[in-house]
Amino acid sequence: MPGLQAFGRLWIVASDDFVFPAALELVINYSWLLAVTTIYLTHDPGGTCAQRGTLATYILGCGFQLLVSVPLLVSLIVCSGRGAVMETAARRAVPSLLYCRLALFLFSVGWDVAGSVWLSSDIRHCVVTSPTVQVIIALVICNWLRSVVILIGLAVVFDPLGSVSLSGAGYSSARRKKSLLRRSLWHARFRFLCCCLHTDETSEALRDVAGHIATLVGEVDLVPSDVVAGLILLQQKHANQPEGPPEPPAHLQHRPATHARSDWMTVPRAAHFMRYALGVYGWPWFVHGRLTSSLRLLWRRIICCAHYRGKPSLALGDNCCLCNTAALQECTALEDGDFLYVSFVNRLYQVAFLVAVDHAAESIVVAVRGTLSVIDALTDLCLDSAVVEETGRPQDRAHKGMLQAARYIETTLRETEALDRAVTMHPDYTVVVTGHSLGAGAAALLARMLLPTHPRLQCFAFSPPGGLVSRPLSEDMQAYVMSVVCGDDLVPRLSVAAVEKLKNELEDALNACTLSKHSLLYRACCNCACGASHDLVTPEDGRDSETDVHRPLVDSVDRSNYESLVDVAERAMLADARAEHVPLYLPGHVLHVTTATEAHGRDGAAGAPHSEWRTPEYFCNIRVTGNMFSDHLPDLVNESLRRLAAEHPC
């Protein structure tokens, strides 16, 4: 639902977000009210403190504000819990209750100041070890802590753009003004998060990323708690679909492949080269999930302070103990002489990669590392599409950040002549390019750049990003790129178009939901923690489901209070601008690896691996499931491929 309008501005909080905070404060205030009442009734006038008038007044004032807060908080809980998520009309009294709560809060702060002064002046006349005096001190401290927590909460839900007045401005100028302010806000946030990465190139990338994020979230009329509730609804909806994710349209689903699958596109061969895509991550991946055993293996190869002892290293940018090199050798089982070039240098658009000779597979391997740092995340978030000039066709476009990374690798290979030396030494070997995540996207684009000089080139892309290349380029890559997607992995489904679809699904799910937000979150927690089976999708309160499905948001929201016409116009114009965005897809032929239970749409323990070739359009919808993030871990992808190669080769 739209953000709450109170005190003449919009906030990043909804009118139904006060149930749990108010309930928690109610329990605390009620407990303190009992304690204060007990102190006041049992206090000895001449015993503990010689001058108790001011402290008694303070206790009486605290009891008064606690007594007043109880019915106020109860009213806030009741009003905030009314209606479904999008039924804001049922919660119109919430702003008025917040005004009353603010007045009580200001009185409480003033009373705490007076109580602190009185306590500091009267404490010398009291027996500090007395339980009564200790409770009074605790009351003063807790009141101050509560005030600080409330101020922090206000800072969290404060919307810097909520106070922008656009009255009297035209739609075009108003939209432009607010868009520029939103872009500046996100730019400032990213600069704060990346304060240690200030360079001219990084600043330009931060501006681009801020612009994309501001555009993507600019028209979302939901607060963070609404997004969480919508994702919970979509998670159960997608889990209840026995047929799995929706199939692409018929004209795309049965579209003949431009290039038939080559004989080398097999699971065993993909599983073999997955070792290089993982090994180039270095020690962080190697120790993930197996700390004790991995450290024992690395201990045989690491050299403490190797750089200071003059130990030559085959890798650039490794740490002082050569931990990345040790993990790489353990993962690939290659010797020093098999590596022709290894770089762990990591800057913007400069990713780690290696060139090695695999005699067992008769291949020359170029492996590119995936996302492992904040600077890599900046490369991922450069969502602009740029023309792939190497193809000579203006319609061939690709992810800008990963295209820059691929060009950096291609330039480095040309300058160092590492790949040319390997091909000269082993002319019969096949050049294989591979990578995972960010590395998969850069590897696929690098393969296109190397194709003219290495026509027998092969590429294995593991979990590449969904928004990587345009459709014509994806079809051309079918001849030399094999992409592997594991389960409901989020990254191969991420694209601008997929995020737009997800936002629409979120709004539709929230509009159709008949449960209140606090009830929805409570049932979701019960389902997760206690194994309960509350249905969060179908109506349960006796309403007509047909009416709920077709109930538009505009019918349940007072637009004059929650959203101006300028906001409506801005959202429409942003949507029209993004309609011209070039859709990007996965590269080449795509192998989808799942478990047998996932393939049949049933929940339960993981079964035998299952694989199926898919079209890139199949992954244009984001699947919100419990394993959408865990499947992106490279070790799980590796395990799925290993088991599939052993049990179900294709």
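## Strand β11 and its surroundings

Strand β11 and strand β12 (residues 589–595) pair in the parallel sense over five bridges, where pairing requires that DSSP finds at least two bridges between two strands. The model is predicted: local features need pLDDT of at least 70, side-chain atom pairs count only at pLDDT 80 or more, and totals for chains, interfaces and linings use all residues. Residues are numbered from 1 along each chain as its sequence is written, and side-chain values use heavy atoms, with hydrogens and water left out. Strands (E, at least two residues) and helices (H or I, at least four) are DSSP runs, numbered from the N terminus.

β11 also pairs in the parallel sense with strand β10 (residues 458–462), over four bridges. From β10 the chain passes through helix α17 (residues 471–476) to β11 in a right-handed β-α-β crossover; right-handed means that, with the strands pointing away from the viewer, the path from the first strand over the helix to the second runs clockwise.

In β11 (residues 481–486), six of six residues are buried, that is, under 20% relative accessible area with a 1.4 Å probe and protein chains only, while exposed means over 50% and partly exposed lies in between. V481, S483 and V485 lie on one side, and M482, V484 and C486 on the other.

The count of disulfides, pairs of cysteine sulfur atoms within 2.5 Å, comes to zero. For C525, the nearest cysteine sulfur is that of C526, 7.0 Å away. C525 counts as exposed at 51% relative accessibility, whereas C620 is buried at 18%.
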